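Open the model in your viewer and keep the sequence panel beside it. The tour below goes from one selection to the next.

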Amino acid sequence: MSVPGRPRRVDPRGLAASGLDWLARRRHGTRVFSLVRIGYGLTTIFMLLVNLPVRQRIWGAEAAYTWDLFMQTSLAGGQPSLFVLSSSAVYADVLYFALILAAVLFTLGWHTRTVTVIFFVLLWSLQARNPLATNGGDNLSRIILVYMIFAQVGAHWSLDAVRLRRRRLAGGRRLRERTIGTVAHNAALLACIAQVCVLYATSSLFKVQGEMWQNGTALYYILRTADYNSWPEVTALIYQWPLVVVGATYAAVFVQLCLPLALVNRWAKAILLPLVLGMHIAIGLLMGLPFFSLFMVVSDLFFLNDREVRLAKVYVGSALSRIRGALPVTDSAVHLSGQPTSNQVVVK
Amino acid sequence: MYQSRQKVNSSKIWPRVTASGAVCVLALHFGFTFLHVAPSNPVSQQLAPAVNFWMTPFFDQNWELFAPEPVSRDTGLLVRGKASGEDLGGFIDLSTAMLERKLHNPVPDNLHYTVSSAGHNLLSARQEVVQNENVLTKFADAEKSGLFLTEDILDAAPSPLRAAYERTVDAVVQLAIDAVRTDTGITPESVQVRVVTHEFPRWSERADAGVGEVVYSDTPWLTAQGEEARS
């Protein structure tokens with residue numbers, strides 16, 4: 001930024017201008033957005049498939065949270081939902097399977113902008129139908145989805161990207177990126193990052209006020225709660241160790257409190273991001289909250305930038321090809337298919 | 001930078017104007033978000049109608065996950081029903097069935113939330129009412145009342161708190177009706193809800209395998225409308 005030979009000085013107007021240009025010139029974080037799209041899509045599909053056998057008991061005609069109750073409360077509370085149109089089991093199924101389809105198309109990135117809106121409307125409708133059956137992961141992902149409507153989330157690893165590439169190869173015109181779209185996209189990215197930071201800041205600041213978080217025993221009480229205890233044998237082992245309980249209790253608060261620092265410092269990111277991922281995976285496994293955990297892990301991707309995603313891709317790619325190269329030529333695929341698989345080693 | 005300050009042409013101005021607009025929208029939105037999630041303060045109290053209008057329903061959020069204190073007790077929900085003046089069997093344990101669905105299951109479905117949330121919501125909505133200042137000035141010992149609050153106490157509570165409490169009662173009553181119907185095949189005319197609270201051992205007594213303190217509290221018999229049944 002500064003002219004060579006001159007001392008650096010703070011230039012507020014230049015800073016403001018470069019900030020505005022950051023918003024208006026180029027679309028940032030398209031890879032991160034694409035990863036989050038795939039992550040949210042897959043998690044939703046997974047959640048809907050696991051709930052398939054009990055869908056009518058949660059969101060349908062057999063729900064203990066009856067349709068009348070939903071009409072009196074959710075709707076009166078200002079929460080619109082497509083479920084208001086009919087109380088029938090068939091209609092509930094139509095919406096459920098439409099949501100599965102929308103989640104699949106969202107994951108694949110097919111006409112992404114339109115599908116994002118449809119996916120959000122259907123997901124919102126389902127969550128509003130039975131507010132008892134939602135958790136913090138649902139809450140965060142549905143807010144992020146609102147911001148994602150304004151972003152280009154299908155730029156990579158999507159059917160839209162494949163179609164654009166084909167058109168370009170066939171000599172078709174490249175689509176011009178409009179400035180208003182670029183500004184909306186970048187603002188949406190900032191909104192997603194800010195929303196995730198709001199979550200961690202609030203969650204940690206409320207925790208530091210609590211006595212059990214202060215005296216380092218909070219984890220013990222969480223691990224003993226029957227509602228969130230899928231493996232009592234394992235959790236009982238864990239809370240026998242004061243060092244583990246106190247360490248993990250304080251670590252949970254510190255990591256959440258400091259996580260926003262990952263945005264401004266590479267070292268902070270290298271330390272905090274693996275810790276928060278580990279925390280969410282542990283929550284998912286030990287507390288029996290797999291979908292909450294997955295939504296959180298995916299949302300944590302907003303702490304990465306496109307350069308890091310590209311680096312990770314190169315690293316994973318080379319690691320994979322090293323593994324393939326190290327495998328003996330007669331791997332299991334040969335026995336299974338009878339065909340040599342040496343062509344698979346070629347890495348483009 | 002130094003040059004661009006002297007000759008800024010119009011092709012550069014409009015993107016910056018658009019970007020400034022986006023910055024304003026973001027500032028406004030996250031200003032409201034901050035006021036929505038922060039503890040109640042003079043500014044958020046003053047702007048409450050605007051904040052609520054902006055944040056609900058689509059940006060509504062609550063991140064007090066296990067905070068300020070984690071849950072330190074288990075709550076179980078049991079229900080029983082009555083039809084034509086006859087008891088339809090004993091209490092049905094709703095919570096244990098849900099815990100069994102989750103035990104040793106890496107990917108449990110969302111059904112367990114419908115029972116645990118119904119119980120938790122009832123307890124916390126009741127807590128909000130009996131700890132409200134308006135209620136406490138009129139009924140100093142409101143906190144001693146049972147699960148089901150009397151009409152007098154609810155009259156003293158601010159209407160959003162009262163509405164929230166009545167909603168949770170309705171949800172629990174419907175849960176009870178559904179459970180009794182599934183269990184006996186008969187739709188009950190009235191139901192009774194029992195909440196079992198198990199305060200598990202404090203940290204210093206964690207090695208003690210003893211049960212800890214268990215408290216039962218029952219609602220009176222309630223109609224499908226969530227009102228006390230006249231028997």
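**Strands of chain B**

Begin by selecting B:Ser190, whose bridge partner in E6(B) is B:Thr223. This is a predicted model, in which local features need pLDDT of at least 70, side-chain atom pairs count only at pLDDT 80 or more, and totals for chains, interfaces and linings use all residues. Residues are numbered from 1 along each chain as its sequence is written, while chains are lettered from A and ligands numbered from 1 in the order in which they are written.

Strand and helix names follow DSSP runs, numbered from the N terminus: helices are H or I with at least four residues, strands are E with at least two. Two strands pair if DSSP finds at least two bridges between them.

Now show E4 (residues 190–199) of chain B together with E6 (residues 222–223) of chain B: two bridges join these strands, which run antiparallel.

E1(B) and E4(B) run antiparallel and are joined by 10 bridges. Select B:Asp74 here, and B:His198 in E4(B) is opposite.

Select B:Thr56 with B:Pro57: a cis peptide bond joins the two, with omega about 0°.

Move on to B:Pro68, in the loop between H4 and E1 of chain B. Another selection, B:Ala67 with B:Pro68, shows a cis peptide bond with omega about -5°. Most residues other than glycine have a negative phi, and most peptide bonds are trans.

Now select B:Phe66, which lies in the loop between H4 and E1 of chain B. Its phi is near 55°, a positive value in a residue other than glycine. Is B:Phe66 buried or exposed? B:Phe66 is buried, with 20 other C-beta atoms within 10 Å. The cut-offs are 20 or more other C-beta atoms within 10 Å for buried, 12 or fewer for exposed, and partly exposed in between, with C-beta atoms placed from the backbone.

**The loop between H5 and H6**

Finish at B:His104, in the loop between helix H5 (94–102) and helix H6 (111–130) of chain B. B:His104 is not a glycine, yet has a positive phi of about 60°. B:His104 counts as exposed, with 11 C-beta neighbours inside 10 Å.
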